[in-house]
Amino acid sequence: MFFYDQTLQLYINDEPLVISSKIQKAASKIGLTLKWDQNGHINQISYDDVKALSAELGIVMLSVRDYMNLAKREPRVASPHFAEWLDDTFSLLPDQEVMVNASGQRLDIPPSRPGWFDIESVRVGDGLPSTTSSSPGAGRWKIWTQNDRTFKAAAVRSFVTSSGTCSLDMGIPPFAQHPNFMIREAYRSQPKSVDNPFDTIWAEYERKTLQRNDPEIAQFFRTLDVNSLTAPGPKGLDGFVAAKNQEKVSDLIGKKRLLEGDFHGLRVIDLKTMASSLCLEPDADTIYVTGHEHPDADAVVSAVYEAVRRHLVYGKKCAAWSQRVPYVVRTILGTELTDILTKTPKYGLTNDIVLVDCHSLDDGNMFQVKAIIDHHIVKHTFPYYVAISQEVSWSSTVQVYLKMLGSGLDLDSETAKILLESTLIEAEPALMEKMSRIDQMVLDRLQALATKQQSAPYASLMGLLTRDTMSGDPFMMDYKETVYGFSVIKTTKSLESFAKQANENNAKRHLPLTVVKQVVYDPSFKRVVQEQLSMDFDPAVHDKGFKKAIMETATKACEAMHGKSKVCCKGTEVKITDVPHQTPRLLLAPLLAGIVKEHLRFFKSKVLGGMYVSCGFYTDQRGEYDTTPDETPAIKTGICYEDVKSLLAGHKEVSFMSLPQYWAVYHERACLNDAYALKSLRDSNYVELLDTQIHGCGASVQHGSDRGKTTHPTILEAKPALISPEDINPKTGFPNRLLSPDNYGDRNLWRYWSPDREENVVTRGHIFVMNQTCIDLKIGREEKTRQLTFRPVYRDIPDIKYEIRPTVGDGNWVDMRVYPQLFSVTRDGYKHGKSTSRGGRELDDVSASNGDTDESDKHKHRRLLRFSRSMLCNRKKH
């Protein structure tokens, strides 16, 4: 949002610059290739490129003086979400520790590597602090001055994760391109804001659509003025917004045509047109349409038809791409379209992407997404330019057909048959009565168009689907994964055991649970003879009420849908017998996900002797559970090392990890491919204290896990350096090798600082501007910063607490409420910790050894290493 600053006489944005067609054209004009993140913010841009692009766009770059004085007047510009270049460069005088600016003027500031200052101490004349301190304090900014004569440095306003405050760094190489380097807009004249008249209409349409109120939807379209939709947009409307509007128009006109039965004047598409519209030789500008990782008929066929539509509407190269093409889809599409689809190469980093039947993409490609068509509700937030067509409809094929109608296109008998069959296979006769009016009208329209082709009946299509299941890998044929795995297998044969595949899936992907749902139909596919939900729990993960919660929730949900007499729960299986339809994964999967997410908030570490490690940080609350269900408890921050030691004094049930233990746990989780735990161990929002003290600027070390024993390891000096987790000495927790700090962009390397005072403690943190994890050995024992906290480790934890209630309304489903466990420290730890746990030992008893340990400790250390580097890795091989 822009605001006007009277002092600078500038209109200034408090958010970073977002990509647009105007900005892309400006960058192209001066020969720049821009990058942006998944929120659309232009990033990873150097000082010189910001200067050039700003000049082309008429953006005024703020100097250090202008920005720092602005931050005093307007705290909103001190953003914790992005870093920005300031319009100043600096050098060091020869043989002196004196900085000068680009004009050669000396700067009145002492060398600070780093220093801290209060924003109120900033001088009006030069924007620099009048005084600096060597230690942080509440609300203080961090400052770094130039210390390298080999280059002229530029200034960056950034953010410090540990302190939760901003920083002024005057020693950044101007060629640096870090992930959070972005651009702030500031203009001499007020930027023209162009209102999008379409926003009001679309908001009303989405509200009625998501409520699924057929009469209100019909009334909305009866009064909708088509001429107002197709009129040219307001002057100055950005091209990205205009393209998004065009997609919305196709949605609205398509539904209006369908409801009014107005199919006159449409261009009819035949198979030849479809084949010629799909690009076989894509380039950097080709638009790709793709579905989810394990595509079904809906995802694949929707991608093909949407790619054709976009080519015919926009005249651009368009390609459909699928990870694989199941047998049933090959049969529905036919040889020609299947050949094109299977020969199309995967999208690259420069291609715009349209998602169908999903709204997420792996491999870091989300920034490329320009449109989404999904019959599931989209809960994520996307940049302003992403055109989202979302509703609870029967299938994405229905949505794509409506877009075709809205784009002035229709299908001939042959192409309608393909779309009809891919829609029918998503249906079950008993569930079709739950279709919305528009879904049913689309199905009727496609059936009418396909009459000449005699489309395959539902039973035949399901026969193809089950044949595909039998001939391929049935477990992965219809598999989806969130925080756990969920495979659906449809057949007319008897039930089989997929326990082996499910267990291997859990081990390979480190999932606590894989659900295998087998649906056995009668030969006509009109009824479900038997449905079996097999809950395959990973035996390597802890329980603590997890299995009970999953089994009880699945059983009660099935009973609510099918009736108690039809449902039987035995062991880890739920069986449903002789019902009209299956239990939809669309409903069951998110219900179980809440329990799995709560379970994943702790993991049981073998290298810590069976202790429970929090995937989160200390919550300064009493008790075991948060009283507010389904919410993440608040984290207590601003605590120092001495506070934590005092808090945990006398506790045998709760501890926090030392540096060697942290690395042992990190390697253990890496070997297990535990992405969830690794993300927490490299958390980007908080800085965690580790139970390691460093004395005499590195002369001696005490790890809490060593019961206060003093060691004298070698600590390499780094101010800073980069390290690799593979170079860590498992005995000491310190790196054996340092790498140059000038290696940028490698997420596998960590930032690292050595001790800088007599008494230090260790933290694991995050460097905001580089988006890089770090280990910092230069933190004071009583140093407190806003985001400083610790990760509790427990001898035992309580069971998951939850409630299952009938859904309000028809009552044929259930709602699940989970009460999050607190990462608290009670006088005796968790209540369950009073009894003997399966871990059986305190955290202090499982230590990372050092040179002064006895044979018993050495034996424990060898076992720790065996778990973290060898034995656990073997599990991946098997």
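Begin inside: there are eight cavities of 30 Å³ or more. Here a cavity is a set of points, on a 1 Å grid over the protein atoms alone, where a 1.4 Å probe fits but cannot get out. This is a predicted model, with local features needing pLDDT of at least 70 and side-chain atom pairs pLDDT 80 or more, while totals for chains, interfaces and linings use all residues. Numbering runs from 1 along each chain as its sequence is written, and side-chain values use heavy atoms, leaving out hydrogens and water.

Select Val50, Ser54, Ile59, Val60, Met61, Leu62, Glu84, Trp85, Leu86, Met182, Ile183 and Arg184 to see its lining, meaning residues with an atom within 4 Å of a point. Helix H2 (47-57) and strand S5 (83-92) are the elements giving two or more residues here, with S5 supplying the largest share, three. Elements are DSSP runs numbered from the N terminus: helices are H or I, at least four residues, and strands E, at least two.

Next, go to the second largest pocket, about 1,400 Å³; a pocket is an open set with protein on both sides within 12 Å along at least five of seven lines. Of its 34 lining residues, select Phe2, Glu185, Lys192, Ser193 and Val194, which lie nearest the centre. Then colour S1 (2-5), S2 (10-16), H1 (21-29), S12 (184-187) and H7 (239-260), each supplying at least two lining residues. Which element gives the most to this lining? That's S2, with four residues.

Definitions and conventions. Points joined across faces, edges and corners; volume = space filled by probe spheres on them.
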